[in-house]
Amino acid sequence: KGTTREQRALKYLKEHARQGDPDSVLETFDEFCRTQEWAMNAAEEKGDILDEIVRELQPTTCLELGTYCGYSAVRIARNLSPSARLITIEVNPDYAAVAREVVKLAGLQDKIEVINLDSADVIRELKTKYDVTKLDLVFLDHWKYLYIRDIKLIEEEKLLKKGSVVFADNVIIPGAPGYLEYIRGSKNYKSTFYSVHFEYMDDMKDGVEKSVYIGDE
Ligand SMILES: O=c1[nH]cnc2c(O)c(F)c(-c3ccc(F)cc3)c(-c3ccc(F)cc3)c12
Ligand SMILES: [Mg+2]
């Protein structure tokens, strides 16, 4: 075929979605995943919970770990206030390239910054290089064994404040080793588990975890 699944998805979006319309990009991506090829987007039930969190929290500064094709970045950014922004980190250069195109197609390039680096390296520089003081929302959706490493790093960097929300995908399948034990065992968070269907799969259950930071600033 010569093309990757991500490139085929982007081609479909360019042919079928309305330029500058985030809702159209998301609907079209969902259609692609339902009718053509499955893709690991935080969509459907997962996306609905994410929408609810963003609408209720009205975050100013958001961090996403694991951009993939940019589906959840668009899903988050479409609900952000004018001055709010999302920094999303993707270590895979091919995914990052597609994500940048999807963000542009949605017309959200002024709200979303896609960084093609390792998450730990960026987290360590958020305050100095990316002009971040505090993170209001963190979405964990990258390699599952990195959730625990990166949440500890985010705490070490003192990037969370009372009320900050950490939202984690795939805590059941494939699961994030050590993450649930850590976050549920920590006195600094109040966690809620949601049993949800897998993206685009009506017969498989996954889980997402919403944790509100209540610890010291
Ligand atoms: O890697 C991921 N990042 C973010 N979100 C993901 C997600 O929402 C998923 F549903 C899956 C998933 C899980 C089970 C499965 F069968 C297919 C894909 C993965 C994943 C996990 C392990 C891999 F080897 C490849 C993909 C991810
Ligand atoms: Mg996921």
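This report covers strand pairing and aromatic contacts in one predicted model.

Local features need pLDDT of at least 70, side-chain atom pairs count only at pLDDT 80 or more, and totals for chains, interfaces and linings use all residues. Residues are numbered from 1 along each chain as its sequence is written, chains are lettered from A and ligands numbered from 1 in written order, and side-chain values use heavy atoms, without hydrogens and water.

**Strands.** Helices (H or I, at least four residues) and strands (E, at least two) are DSSP runs, numbered from the N terminus. Two strands pair if DSSP finds at least two bridges between them. Strand E4 (residues 135–140) runs parallel to strand E5 (residues 160–168), with five bridges. Leu 140 has Ala 168 of E5 as its bridge partner.

**Aromatic pairs.** The structure holds nine aromatic pairs (centres within 6.5 Å; planes under 30 degrees apart are stacked, over 60 edge-to-face, the rest tilted).

Phe 139 sits in E4 and Phe 167 in E5, 28 residues apart. Trp 38 lies in the H2–H3 loop and Phe 198 in the E6–E7 loop, so their pair ties together parts 160 residues apart in sequence.

**Burial.** Buried means under 20% relative accessible area, exposed over 50%, partly exposed in between (1.4 Å probe, protein chains only). Phe 139 is buried at 0%, and Phe 167 is buried at 1%. Phe 198 is buried at 10%, whereas Trp 38 is partly exposed at 30%.

Notes. Rings of Phe, Tyr and Trp (its six-membered ring) pair if their centres lie within 6.5 Å; planes under 30 degrees apart count as stacked, over 60 as edge-to-face and the rest as tilted.
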